[in-house]
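Please report on selected local features of this model.

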Amino acid sequence: MRHLVFLLLLSSVCFFALSEVVDNNFKECKEFFLNTAPPDFTPPWGVSVKPICQCIWDDIDQQIFLYATLYSTTWKIPVYSAYVFRESKSIGRCDPWYIEPQLDGDTEPCMRPKGYGTNIGTNQAVNRDYEKSGYDKGHLYPVLHTDNHLSMLATSTLTNAAPQNPDFNRNAWLRHEEAVIKDLNSCDEAYVVTGVVPDTKTTPNKKVTVSKYYWRATCCLKNSQYTGKGYYGPDNNGKVEELTIKDLQNKLSGFYQIQKIEIFPSIPPLNQPAKITKTTYTCN
């Protein structure tokens with residue numbers, strides 16, 4: 001009941017969001033990966049990552065999972081966040097900017113505005129890391145793609161953000177996020193994975209790694225057929241480039257300097273009817 005007490009003490013606009021750090025898998029939040037496997041991603045040597053099932057407690061003290069994040073405790077930014085896209089609605093916005101105390105060994109199981117352990121900030125970014133950095137806190141799961149108040153609040157956690165060039169964030173990437181809404185609103189179901197490629201040579205305050213590229217992959221089910229699209233930016237012209245999922249994966253393999261990445265792991269190819277059940281087939 002203590003979670004409910006916390007909620008009642010806070011205002012009706014902003015209240016505590018909660019999340020759960022899980023070991024080596026996303027078993028509590030598989031629904032954000034079409035109920036199948038998460039992206040096939042092995043980090044570069046020496047880079048540590050932690051899966052997080054991002055969730056909140058509702059007003060009857062029930063835990064609700066809202067999206068999933070793979071977070072790098074080495075880079076201090078997320079590798080990706082995965083979510084189910086639902087028709088966006090015009091809702092208010094609140095940016096409390098939570099952290100995840102569990103990443104730093106705090107016994108508090110909740111995502112909170114701050115932690116109380118002595119090691120808070122060891123394995124993750126905190127608000128002071130962005131102060132006077134010259135970078136925006138760039139959402140991976142953006143507020144624009146949420147359809148309710150709870151989802152909106154849950155996006156404002158530093159485990160769902162990376163330092164992003166302000167001009168790119170507020171212009172080209174914002175226009176891209178708006179275009180994705182129009183593209184996915186007509187889908188029967190839509191799944192999205194948004195990620196960050198780090199610029200490992202740029203770490204403001206000698207801690208948090210700046211983003212070099214943002215990328216997004218979408219998987220749309222419509223009329224029993226899956227269609228996928230890939231995006232990344234900024235390209236050489238400062239824009240967001242659209243490309244196939246396969247081409248995006250090839251680029252990301254080079255960017256991350258890894259053997260491969262498979263965003264929507266599956267055997268069936270894109271643009272073919274789902275012959276068995278719709279949950280059997282993913283975008284590729």
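## Helix α5

On helix α5, the exposed residues K246 and N250 sit on the face turned away from its buried side. This is a predicted model. The buried residues of α5 are I245, L248, Q249, L252, S253 and Y256. Viewed down the helix axis, these buried residues fall within an arc of 140 degrees, so they line one face of α5.

The length of α5 also checks out. Its 12 residues, at 1.5 Å a residue, should span 16 Å, and the end C-alpha atoms are 16 Å apart, which agrees. Just after α5, Q257 takes a positive phi of about 60 degrees.

Strand β3 is largely enclosed by the rest of the structure, because seven of its nine residues are buried. β3 pairs with strand β4 in the antiparallel sense, over nine bridges. C55 has F65 in β4 as its bridge partner. The two strands form a hairpin with five residues between them. In that turn, D61 has a positive phi of about 65 degrees.

| Residue | Place | Phi |

## A buried loop residue

T209 lies in the loop between β8 and β9. Is T209 buried or exposed? T209 is buried: its relative accessible area is 4%, and the cut-off for buried is under 20%. Leaving aside neighbours within four places in sequence, T209 is in contact with W75, I77, P163, P198, D199, T200, T202 and T203.

Definitions and conventions. Residues are numbered from 1 along each chain as its sequence is written. This is a predicted model: local features need pLDDT of at least 70, side-chain atom pairs count only at pLDDT 80 or more; totals for chains, interfaces and linings use all residues. Side-chain values use heavy atoms; hydrogens and water are left out. Buried means under 20% relative accessible area, exposed over 50%, partly exposed in between (1.4 Å probe, protein chains only). Helices (H or I, at least four residues) and strands (E, at least two) are DSSP runs, numbered from the N terminus. Two strands pair if DSSP finds at least two bridges between them. The expected span of a helix is 1.5 Å times one less than its number of residues. The arc is that of the directions from the helix axis to the C-beta atoms. Contact means heavy atoms within 4.5 Å.
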